Amino acid sequence: MGGNSVTVLSQLSAKATKDFIIFIRDFNSFVIRTNTCGELRSAHVGQEVTLYGWIQYQRQGLFLVLRDFQGLTQIILPQDEAHSHVKKLLSNAPVESVVRVTGIVSSRPPGQENPKMPTGDIEVKAETAEILNSCKKLPFEIKDFIKKSEALRMQYRYLDLRSFQLQYNLRLRSHIVMRMREYLCNLHGFVDVETPTLFKRTPGGAKEFLVPSREAGKFYSLPQSPQQFKQLLMVGGLDRYFQVARCYRDEGSRPDRQPEFTQIDIEMSFVDQAGIQRLIEGLLQYCWPEERGPIVTPFPSMTYKEALADYGTDKPDTRFGMKIVDISDFLRRLDIQFVQNALSYPHGTVKAICIPQGVKCLRQQCITTDAVCDATFMKHSFPGWCLSDFPDSKIAPSHYLPSLLQCSALGNLRLESADLLEAAGLVLRDPTAFHFLWVVDFPLFLPKEENPTELESAHHPFTAPHPSDTSLLYSDPTKARSQHYDLVLNGSEVGGGSIRIHSAEQQRFVLEKVLKEDSEVLSHLLEALEFGAPPHGGIALGLDRLISLIVDAPSIRDVIAFPKSFRGRDLMGNAPDYVTPEELEPYHIQVSWPLAERGKEKL
């Protein structure tokens, strides 16, 4: 089996001959090298090879290390007079220059093997060489252990991409996506459909990016997700759709959020919640990297109400305990006046978190609840690491239950406490563990944060009510549960979906009567639902966030080839950028920003 062969390794059965042919990856097809810098072994000793790569390291005119995407190879520089020009050429080449080296593979002398390198048993004795492109002075060293500011890394992203860690992250991402396509298309008959990225503004959800058109006053909008399109594909009878979809949201960046991002978007007809969950569990098992260990299915499930009560969040990290407990009944028996005052409020409770070894590990620490509790609540810290929250009736409307904010404050405190405990040396969260969890039975609607007397969709306005709560949609929508489900991994939401409303009448009621939205904006969808729309549902997995958790990256920017900065800017290409008035004229747009102020905007 030659190094440049593309060979079928196995044929599992007559059917598998079609669907499951396994190939050796051939990295040297169509190119002018004979081998990569990461594949040479003792079996290659005596062969003449031609390698291409970047100079990683050089030492005293004796040897250099050549690097490419797959690994490193040590190159021995010739010391004889006949090859002095080769030695001089390679010795004087700056680090990170691109070179071609042809030479003979040799075993390293006894005792000089490097067991930390896959190619550590061999070296290549250079016979000819060529500098293909010399490298000027670098803004930072191309080494994973060298600390660089994120702004500098993003300004020179093409250099940062040479690091082994980013190479690994992007190649693993590619492999996982390929496996997802195999599972969905080859095994389960899904159809990969590309949907438009120029659409129109729609109500609800995140803020959208606007794109000017040449029609005066008319704009396109970049879609937050392909939600409406995939529902329309179900109306069109496509039955099973998926897409590696680009999505856009004009919101601030965070370590786990970007203004443009990628999701694995899925929709099916004639499906229920359990069917979607089984699909995703099988999909993740199929594409999961072997080096991360197996994942066990089915994933556990928890209701939204249970998640808030026990963890203070709808995306709980279940790798450690420290659950929230209600100690109201116990404290009612104690004569502590301010506690009794708290319990006398409507829905007043006292809740606590038990922190094992908390006194020992946190004796020198101080957890301030001001940073984690909502400003509309009074707070009290106790020496025993308990937190009591109760609503301020002068601020919180009497009809609005503040339990969500109370639990959220404790949930934040739970995570902050875990961070402090681990900083003190106590291991709570296994960094190699992957705890998946389904969170279900979300409320269909929640009070708007800016105006609690109005409602907004907890997921999106196309989510169907829970079958048992359909009547509540019309009588008391605040009590209706939804057929919305989230997939959580280690305390991060990595997927979300729902069974959709397929009745035009019910969808119009939700938009007009409950959400007070102008349904005319969605007339195309409402009309489509009137033409025999099947029951359908789906889900979207956040690909960037999922991959970042798999590789334990601190930010999703470390698994995206060309990400945006924290403020949503492309520091490499300096985007967004100014456009001249002449260029704007066809779009009937004038910018009020004074031309004299150009260039003064901060990055």
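Which residue is the bridge partner of Thr303 in S16? In this predicted model, where local features need pLDDT of at least 70, side-chain atom pairs count only at pLDDT 80 or more, and totals for chains, interfaces and linings use all residues, the partner is Val440. Residues are numbered from 1 along each chain as its sequence is written, and side-chain values use heavy atoms, with hydrogens and water left out.

The pairing of Thr303 with Val440 belongs to the contact between S11 and strand S16 (residues 436-440), which run parallel over 3 bridges. Strands (E, at least two residues) and helices (H or I, at least four) are DSSP runs, numbered from the N terminus, and two strands pair if DSSP finds at least two bridges between them. Both S11 and S16 sit in an open sheet of 8 strands with mixed pairing, in the order S6-S9-S10-S21-S20-S19-S16-S11. Its edges are strand S6 (191-192) and strand S11 (301-303), each of which pairs on one side only. Helix H5 (residues 164-187) packs on this sheet, touching S6, S9, S10 and strand S21 (536-542), and its direction makes about 150° with that of S9. Contact here means heavy atoms within 4.5 Å; axes are lines fitted to C-alpha atoms, for helices over the stretch in contact, and angles run from 0 to 180 degrees between N-to-C directions. Helix H7 (residues 273-287) lies across S10, S16, strand S19 (484-489), strand S20 (492-499) and S21, at about 35° to S21.

Turning to helix H8 (residues 304-311), its buried residues are Tyr304, Ala307, Leu308 and Tyr311. They cover an arc of only 105° around the axis, which puts them on the same side of H8. The arc is that of the directions from the helix axis to the C-beta atoms, and buried means under 20% relative accessible area, exposed over 50%, partly exposed in between (1.4 Å probe, protein chains only). Just after H8, Gly312 adopts a positive phi of about 75°.

The structure also holds 28 salt bridges, each a side-chain nitrogen of Lys or Arg within 4 Å of a carboxyl oxygen of Asp or Glu. One of them joins Arg153 to Asp558, with the closest N and O atoms 2.9 Å apart. Arg153 lies in helix H3 (residues 150-155) and Asp558 in the loop between helix H16 (543-550) and helix H17 (581-584), so the pair ties together parts that are 405 residues apart in sequence.
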